[in-house]
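Reader: I am new to this structure and would be grateful for a close look at one part of it, the place where two chains meet.
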Amino acid sequence: MDIADLRKVLQQKHLTLAPESGLPRVTTGHAEADSLLHGGLVLGALHEIFPATRHADAAATGFTAGLAIRAAKAKTLFWIRQDYAALEFGELSATGLVEMGIDPARFLLLRAPDAEAALRAALDGLSCGGLGAAVIEIPANPKILDLVAARKLTLAASQKQITVFLLRPSAEPAPSSTETRWHVKSAPSLPHDDWGAPRFDVKLTRNRHGQTGHWIMEWDCDDGRFRKAHSGAVAAAVAGGAYPTPPQRFAAF
Amino acid sequence: MERIQRRRNGLPPSDIPLVIAAKIENALRLTAVDRKALRLRLSIGMALADARARVPALDVVDADEHADKALLESIADWCDRYTPFVALDMPHGLLLDITGCAHLFGSERALCKSLEAALVRQGFSVCFGLAGTAVAARALAHYASGTIAPPGEEAKTVAPLPVEALHLETLATHVLKRAGLKTIGHVAARQRGELTARFGAEMVAILGRALGQEEKPISPRRRLPDYMAEHRFAEPVVTEDVIVSSIRSLAETLCAVLCERGEGARLLEASFFRADGAVSHIAVETAKPIRDAAMIARLFRERLDALTDPIDPGFGFDLIRLGALRAERAEAQAISLDANDDDAREVGFLADRLAARFGSHRVLRFFPQDTHIPEAAGVLVPARAVPETKLGWETIRSEGEAPRRPLRLFEKPEPVEVLAEVPDGPPLRFRWRRVQHAVTLAEGPERIAMEWWRHQSAMPTRDYFRVEDQEGRRFWLYRDGLFARETHHPRWYMHGVFA
């Protein structure tokens, strides 16, 4: 009997691998993902986000920003980037954040000279109770970011309940003490669709307390949460003329 | 002169007289001579050719004003240990305001002696004078070295000095001597009205200062701290632990004073005086006035850790000083019941700590700007420059709409090759960073005119398109210039990427 069979048995008996109860969590807003995560993303833990393809770093950034601002609750979000990131991937834009329904005033940004400084600043920041979440962008696989560094981050995150997101453009996953690991890319709009909310193709490839999954999510810019992307069937129906005809109105003077 | 002799220290002393020459009024003239040269009747101001004619074996060195000034600066740095109020008196002098400092060394004479002894040990010859005004002290230093004028008796003390001691213009000095007024006493005896008529009010003012009747403050080289505390060590300290703990104890002293006055420090500077005379300064700045010793010590530790060129204790520091260069009113803080205030304060302190380590240009917050030009609408400014009041951010999209501005914006829009169906239509395919993208969905144009009232040169109007490629990636492209009206070959640029 292999793992898949075991899971099947468990599912048939309506059992799941017992989650650690009592961990504070935040919902993503996407119902299926939340239920698989036993109620949401674990707060005060380490989460890793990888762009699924070479050019998906913008999608990964958007996904991370959404998760991190939800995890930060009302507190400050500390975002650490490296010097050349702005040139390579573009600078985080305040208007872009506002347009996504994220308040830029809650951001504290640090431009670190290198990966080592970024990690060090992150550990320093994690001792500050005023932060709600921290995002650390570390491109490629620098030697300094090893299992020990990940453990340190995990430990520091749990002490003041600050959720840490490691955003890893053009990097390969390595052994780590992460709570969850996500691979994100943008999902194409459906044919005949109008320009809609940002769509993400999200794969949860590691989940310490449950199963993995794969979804197409949308970011709801008005409510600041993820939601299930509408499927092709709905789109087809819309394209087929499901819009209600506006009632005719006349005005006379 | 002594700079060169110090450098030559260790070489066998030579019998050849040393002179320094510089070009003055198109002729090489001597600007300094050593004792041997002096004995041979060479004097300052003499043309080099004349000097060579008299003494053929002459060691001539070119004057180097910059090196002289640098040396004087470093001596001035070292003098900071006597008083924070040190001014350069070019070209060879230093002025120290030792008001209220003398008792720390026993007496005025003891202070002067200790200063002189230390400089002589370093290979300098020193003249000093001490008086109630800077001009009188300088006159004494140059023409009656070692004199200390008792308070109120400057006039009597400087009276026998020659008029040159006033450091007037050459012409004025010359005229005074021609008139038979050889000493300051002679000049002082004249009517002020006569002197003003002949030499102007400035000369009379200088005379007044020399006689101790008028006073003009000297301008110090460094900014004077509002508050300071210092720690002298009988034995020079080397280890970092001791240095940090002494900063901590200095901070406690400083904070006690600040607390009493209801102020907090915004800009702090620690000065480390090395036993061999070198001085280094390290400053930290804070976003809000602070008077918490632990915080101050932590900021300095961050700063010391982050120095790429760590301060070198050499043989140890014998004096460490901590000054609050800028202090501001700070109300005593009541313990806040609102958790948000605590959070904001903690984040503020984190930003200060990070700024101390990485530099304030790296710790940033967003700040809105009142403009519709995309790249200027939200700028990143140092966290400590952002006011705490609520910032107004306005959305451009209407409710239910997708974002109209990209999440990541390129500081410099990048040129792209675009294939469009019609010259003023949306792109069909484009090539960016050597990758071909086929457009499956396009939105636009959104026309953004540049702000002609701000820029001198007219910038073309931009037509922005939101486009999606076959993989679902979304880009923000613009065409620079209106087709046919502003340009016939519009160029395309990539300005940002959407999430």
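Which side chains meet in a salt bridge between B:R397 and its partner in chain A, and at what N to O distance?

Author: The model is predicted, so local features need pLDDT of at least 70 and side-chain atom pairs count only at pLDDT 80 or more, whereas totals for chains, interfaces and linings use all residues. Residues are numbered from 1 along each chain as its sequence is written, chains are lettered from A and ligands numbered from 1 in the order in which they are written, and side-chain values use heavy atoms, with hydrogens and water left out.

The side chain of B:R397 meets that of A:D222 in a salt bridge, at 3.0 Å from N to O. The term denotes a side-chain nitrogen of Lys or Arg within 4 Å of a carboxyl oxygen of Asp or Glu. Between chain B and chain A the count is six salt bridges.

B:R397 also touches A:E99, where contact means heavy atoms within 4.5 Å. A:E99 is found in helix α5 (residues 94-99) of chain A; helices (H or I, at least four residues) and strands (E, at least two) are DSSP runs, numbered from the N terminus. Not counting residues up to four places away in sequence, A:E99 touches A:C221, B:T395, B:I396, B:R397, B:P403, B:R404 and B:R405. A:E99 and A:C221 are 122 residues apart in sequence, yet 7.1 Å apart in space, C-alpha to C-alpha. A:E99 is buried, with a relative accessible area of 0%; buried means under 20%, exposed over 50%, and partly exposed in between (1.4 Å probe, protein chains only).

Helix α5 of chain A also holds A:T95, which is buried at a relative accessible area of 13%. With the same exclusion of residues up to four places away in sequence, A:T95 touches B:A377 and B:R405.

A strand pairing joins the two chains as well: β5 (residues 91-92) of chain A and β14(B) pair in the antiparallel sense over two bridges, and strands count as paired if DSSP finds at least two bridges between them. Within this pairing, A:L92 stands opposite B:R408 in β14(B).

Taken as a whole, the contact draws 55 residues from chain B and 62 residues from chain A. The two chains bury about 5,100 Å² between them, 58% of it on carbon and sulfur atoms; buried area is the accessible area (1.4 Å probe) that two parts lose on being put together, summed over both. B:F366, B:L407 and B:R408 supply 17% of the area that chain B buries against chain A, more than any other three residues.
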